[in-house]
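Hi everyone, thanks for coming. Today I'd like to walk you through the core and the aromatic rings of one structure, so let's bring it up.

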Amino acid sequence: MAEPHEIDPIHQFHIDRIIPLHFLGTDVSFTNAAFFMLVIVALASLVLLAGTRNHSLVPGRLQSIAEVSYEFIASTLQLSSGRDGMRFFPFVFSIFMFVFLANLIGLVPYTFTVTSQIAVTFGLAMIVIGTVVIYGLIKHGTHFLGIFAPSGVSPLLLPFMIMIEVISFISRPISLSIRLFANMLAGHITLKVMGGFVAGLLGAGSVYALVAPLPLAMVVIFTAFELLVAFLQAYVFTILTCVYLNDAVHPGH
């Protein structure tokens with residue numbers, strides 16, 4: 001554990017119990033991660049409800065946010081899965097808003113980045129893959145398993161292709177979760193280290209303080225870059241969700 005005067009870049013990811021709870025020997029405490037997940041859901045609900053409550057010809061800020069978000073996710077889903085994929089619009093829209101707001105809120109000082117926890121990102125990824133498998137089997141039966149047997153492949157190569165496709169499918173939740181988790185973790189550690197470097201230079205004396213503006217400028221640049229990463233990672237998670245859902249909607253394609 002870091003000393004009080006030291007800057008620990010990992011401390012920001014610690015899970016702290018706000019309300020300790022135990023049920024049947026299992027720790028079900030209400031933590032800072034659970035608190036910020038509730039904050040994200042509440043914030044998304046408030047913005048969308050306020051933005052869609054009173055429609056006007058000239059939209060205000062909240063209405064513009066709601067309309068742009070709807071159009072963005074709807075067009076992304078239709079491009080990836082066609083019109084049949086729109087039945088998953090509430091699901092995909094919820095995932096995008098949750099991941100984007102979680103990434104964005106994590107940039108606010110003294111908050112918690114929910115998506116920097118592998119348990120959260122892996123849980124989201126398993127919900128996506130579980131939805132694909134359950135819907136695919138219910139809607140198409142055993143025909144859904146055709147996604148593991150590409151058409152036009154030689155019978156001699158087919159067993160190897162099936163094995164490769166199965167391994168690729170199983171690895172989807174792993175790659176989907178690690179990509180988001182690793183990007184959020186690395187970005188916040190970089191910001192913390194650079195911020196600590198600036199504080200160290202300012203505290204070291206007047207000579208070192210003269211060069212402090214240089215790493216401070218880097219912190220500003222990295223923060224702007226993290227804003228872009230927050231959106232891009234939410235978009236990547238969403239577009240991959242749409243691509244995977246296309247397997248459930250159109251297993252023969």
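Before we start, one term: a residue is buried under 20% relative accessible area, exposed over 50%, and partly exposed in between. Please also keep in mind that this is a predicted model.

Let's begin with the core. The largest nonpolar core has 44 residues, and among those with the most contacts inside it are I40, V92, V99 and V114. Helix 1, helix 2, helix 3, helix 4, helix 5 and helix 7 each give two or more residues to this core. Helix 3 (89-105) gives the most, with eleven residues.

Take V114 as an example. Beyond its neighbours within four places in sequence, V114 is in contact with several residues, including A33, F36, M37 and I40, as well as F98, A102 and V120.

Now for the rings. The structure holds twelve aromatic pairs. How are the rings of F96 and F231 arranged? Their centres are 6.3 Å apart and their planes are at 85°, so this pair is edge-to-face. F96 sits in helix 3 and F231 in helix 7, so the pair ties together parts 135 residues apart in sequence. Is F231 buried or partly exposed? With 31% relative accessibility, F231 counts as partly exposed, whereas F96 is buried at 5%.

The rings of F148 and F169 are also edge-to-face, because their planes are at 85°, with centres 5.4 Å apart. F148 lies in the loop between helix 4 and helix 5, and F169 in helix 5. F148 is buried at 16%, and F169 is buried at 11%.

One last stop: ring pairs link F72, F96, F100, F231 and Y235 into a cluster. Thanks, everyone!

Terms used. Residues numbered from 1 in each chain as written. Predicted model: local features only at pLDDT ≥ 70, side-chain atom pairs only at ≥ 80, totals over all residues. Heavy atoms only, no water. Core = buried A, V, L, I, M, F, W, Y, C linked by side-chain atoms within 4.5 Å. Buried < 20%, exposed > 50% of the residue type's maximum accessible area, 1.4 Å probe, protein only. Helix = DSSP H or I, 4+ residues; strand = E, 2+ residues; numbered from the N terminus. Contact = heavy atoms within 4.5 Å. Phe/Tyr/Trp six-rings, centres within 6.5 Å; stacked < 30°, edge-to-face > 60°.
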